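Subject: Handover of a structure for your review

Dear colleague,

Please find below the structure that I am handing over to you, followed by an account of what was found in it.

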2 protein chains.
Amino acid sequence: MSVTEYLQQNREKSLAELIELLRIPSVSAKSEHKGDTAAAAEWLAARMRAVGLTVDLVPTAGHPVVLGEWRGAPGAPTLLVYGHYDVQPPEPLDEWLTAPFEPTVRDGKLFARGSVDDKGQVYLHVKAVEAHLATRGSLPVNVVFLLEGEEEVGSPNLATFLTEHVDRLRCDAVMISDTTMFAPGLPSITIGLRGLAYMEVRVQGPSTDLHSGVYGGAVVNPANTLAKIIAQLHDEKGRVTVPGFYDRVQEIDERERAVIRGLPFEEEGLRKEVGAPKLGGEEGYGPLERVWVRPTLDVNGLLSGYTGEGAKTVLPARAMAKVSMRLVPDQDHHEVERAFIDYVKSLTPEGVTVEVEALHGGQPWYAEPSGPVFEAARRALARAYGREPVTIREGGSIPIVKAFEDTLGAPVVLIGFGLPGENAHAPNEWISLDNFHQGAEAIAALYDELR
Amino acid sequence: MSVTEYLQQNREKSLAELIELLRIPSVSAKSEHKGDTAAAAEWLAARMRAVGLTVDLVPTAGHPVVLGEWRGAPGAPTLLVYGHYDVQPPEPLDEWLTAPFEPTVRDGKLFARGSVDDKGQVYLHVKAVEAHLATRGSLPVNVVFLLEGEEEVGSPNLATFLTEHVDRLRCDAVMISDTTMFAPGLPSITIGLRGLAYMEVRVQGPSTDLHSGVYGGAVVNPANTLAKIIAQLHDEKGRVTVPGFYDRVQEIDERERAVIRGLPFEEEGLRKEVGAPKLGGEEGYGPLERVWVRPTLDVNGLLSGYTGEGAKTVLPARAMAKVSMRLVPDQDHHEVERAFIDYVKSLTPEGVTVEVEALHGGQPWYAEPSGPVFEAARRALARAYGREPVTIREGGSIPIVKAFEDTLGAPVVLIGFGLPGENAHAPNEWISLDNFHQGAEAIAALYDELR
């Protein structure tokens, strides 16, 4: 039986296993899910051992790293597979059509928190290894899996982990599946990711909530103040006003601009996908440029005062905003964080105090689309999908990509099997079952191409 | 035994009774407290019957009205006492030093939700009646109590109630104790209240929460948009920008300006009371003018996206603000609500939709400080406190005051026994025990003065 035949004949079993993994609510951001997050690591370790990998569960200061190895091909290249088994918080729960941790198949899609980001995309790599070992007893390359449980909280312990285990992790290429294909059936290699600077702004006015009648008018309202600060973070052209924000931003070259123009993209399709009445953004750029090669600033959360049923006439003591900036090469998240903090403080009027905290950050990343690993990936995708892959960027961040490159000195290749509209980080997240299965075939083919 | 002696000898019993009433969490805004709100009405009805009033519990479309009467003084004036037995929601609970519905005495203050707003101030009127009936067997005037359970949600059914029971409620004056004294020991008659227009603004962008990386930059963010809308509701001088907002605002006359200047007020005292680093507000007015005679606009609540622990990179589908305006004579809350709705819609950019709802409103109120009832109140307060009362305004709203005047055609006199810093509508609400007891004496004296 060929590797591909094995994968095709075992599709039901693969899906059933993934569903087991998706049932574990490994929400790394929430301390009450610490045990669940550990359980997901243990589930993966057990499965990976079962397919023939040697597995260590390595403790960190946070959630453990699952380290799986198969080194039976001396002299052949070594491929490091990076992914994460933690997931985003599922809230708001009432917008899920089926419960986030009760995986459900509808219309060829598997719905569950973590289905595409990143459990499904991690697990298809495990299945690719299984297919080789089950049919041939060996792999054409050496493989190291590094699966972490803290990607959704900014990978606070992974850079240290890489440094401490640099010898064990030495490899010829790093492979990550945590991105999307540009369109169904159109295999895609991602050559750029945005960075992130995620901030929390806390404005404090009076020491306690006040009666808005008795005191309203004489006290600086922290919620109004926070709104005024946020409003000043963009100009009328949709550009971010943080001083120096654009200083290091690289405009894309003509070649990439042409690639972007050549993609099968329709603005109305994106508008429908997000369900907004109209798209928007920075003047002078198209939607793909706005999400791939331009930096942004978005409010991720707002909280102040009374937000329950009915009317409460309270003048709030405090107001909070979560604000994140997506960064592009060559912005530096530390620099942006410092500039943001200084700027927000400069916008804060008398009568309130402000605290600004950097919750987490990551550097933007770009890779030249060339070299032997990139070419092998291109051929493997063409084989599995019957179609030449396109190169794209992605607006999201995988903060650790740059650390892999810098620490291990190996090229990083991002082959994603998500799809537009997959609702990662949102209610009703899903992965395409076709992509879960074809992805495993593509990765299995990639091992052969790399030999 | 004199009426005053009776009250002084029964202070412990009066306090114990009030504590019983305060234990009942009659939060009218929350449907889960419907039973508690009814229980507070029944408790009051039972106590009022016990002191000698004839009591009806009159159902309304919402919470019941407690209607208590003593009409044994034919030919004498009739005094209507209005108050409310419902309370504000107690949240945020973790800021209370002792639980909101476990009344606790510290430093001469009784701490509990509803202690000063308005259960304590209602109950001292009941005690004044009791003192007369217990010592003399009669009252010098006729008394009607009208205690509602919906003041904190805007008295939606009271105007109808007044109209439907106008004959039964006919009176020579309406007496309300739901305001504060200007300072400890300084009896005060309130001659002005601000009105209220309480709005909810809901901005909807994408149909569901989105990944802020994948989509950020191409989608109009409803939280940023809401912040921008709110920021545009004031100009740089702290004036409200809603078109026409100031058209009907009456500047105060020189006489009242002189009264305000003569009050024992220090800005630093107010600043310490609210615990803010500095006071603020509309340019060109002092703090007392800002809260008494100038209209305002305050955000009461903000909610959007992810507000929990840690960082979630979500581009929120929607954002909500509760925004209330305090109004002064002769602003009209219906007119202001319409202008606010139109203005917010005009500020809403393409890419999102906005809904604006008026949650509740009330008219501002002002009474000339003259006439026989005002004079009787002045003398009674001077007797109980040994000091001439001052006339003040209050920044808060009692939406029904104007309806009383208009429907019953009787003057309304506001004698408050709260104190600055009493935390009405905030955690750690309290009433001064001295004022609870002296207040009952003052009201008992007022009955004699009105005869």
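**Thr208(A) and its surroundings**

Leaving aside residues up to four places away in sequence, Thr208(A) touches Ala317(A), Glu95(B), Gly275(B), Ala426(B) and Pro427(B); two residues are in contact if their C-beta atoms, placed from the backbone, lie within 7 Å. The model is a predicted one, in which local features need pLDDT of at least 70 and side-chain atom pairs count only at pLDDT 80 or more, while totals for chains, interfaces and linings use all residues. Residues are numbered from 1 along each chain as its sequence is written, and chains are lettered from A and ligands numbered from 1 in the order in which they are written.

Thr208(A) is found in the loop between strand E9 (195-204) and E10 of chain A. Helices (H or I, at least four residues) and strands (E, at least two) are DSSP runs, numbered from the N terminus. Thr208(A) has 18 other C-beta atoms within 10 Å and is therefore partly exposed. On this scale a residue is buried if 20 or more other C-beta atoms lie within 10 Å of its own, exposed if 12 or fewer, and partly exposed in between, with C-beta atoms placed from the backbone. From C-alpha to C-alpha, Thr208(A) lies 47 Å from Phe404(A), and the two are 196 residues apart in sequence.

**How the two chains meet**

A rotation of 180° with 0.1 Å of shift along its axis places chain A on chain B with an RMSD of 0.1 Å. The two copies are thus related as by a two-fold rotation axis. The superposition is by least squares on the C-alpha atoms of residues with pLDDT of at least 70 in both copies.

In the interface, 84 residues of chain A are in contact with 84 residues of chain B. On the side of chain A that touches chain B, the elements giving two or more residues include helix H7 (222-231), helix H9 (267-274), strand E11 (296-305) and strand E13 (318-327) of chain A. E11(A) gives the most to this side, with nine residues. The residues of this side of chain A divide into 35 nonpolar, 34 polar and 15 charged. Here Ala, Val, Leu, Ile, Met, Phe, Trp, Tyr, Cys and Pro count as nonpolar, Asp, Glu, Lys and Arg as charged, and the others, Gly among them, as polar. Because 99% of the interface residues of chain A are also interface residues in chain B, the copies meet through the same surface.

E11(A) also pairs with strand E11 (residues 296-305) of chain B, in the antiparallel sense and over five bridges; two strands pair if DSSP finds at least two bridges between them. Gly305(A) has Gly301(B) as its bridge partner in E11(B).

**Strands and helices within the chains**

In chain A, three strands form an open sheet in the order E4-E5-E18, with antiparallel pairing. Strand E4 (104-106) and strand E18 (430-432) of chain A are the edge strands, each pairing on one side only. From one strand to the next, the twist averages 25°. Strand E5 (residues 109-111) of chain A is joined to E18(A) by three bridges, and Lys109(A) has Ser432(A) as its bridge partner in E18(A). Helix H14 (residues 433-450) of chain A packs on the sheet and touches E4, E5 and E18 of chain A, its direction making about 55° with that of E18(A). Helix H4 (residues 115-136) of chain A lies across E5 and E18 of chain A, at about 45° to E18(A). Axes are lines fitted to C-alpha atoms, for helices over the stretch in contact, and angles run from 0 to 180 degrees between N-to-C directions.

Strand E2 (residues 65-70) of chain A is mostly covered, with five of its six residues buried. A hairpin of six residues joins strand E1 to E2(A), and Val58(A) stands opposite Val65(A) in E2(A). E2(A) also pairs with strand E6 (residues 142-148) of chain A over five bridges, in the antiparallel sense, where Gly68(A) stands opposite Phe145(A).

**The nonpolar core**

The largest nonpolar core has 279 residues, and Phe145(A) and Val201(B) are among those with the most contacts inside it. Such a core is a set of buried Ala, Val, Leu, Ile, Met, Phe, Trp, Tyr and Cys residues joined through C-beta atoms within 7 Å. Not counting residues up to four places away in sequence, the residues that Val201(B) touches include Leu226(B), Met320(B) and Val356(B).

Yours sincerely
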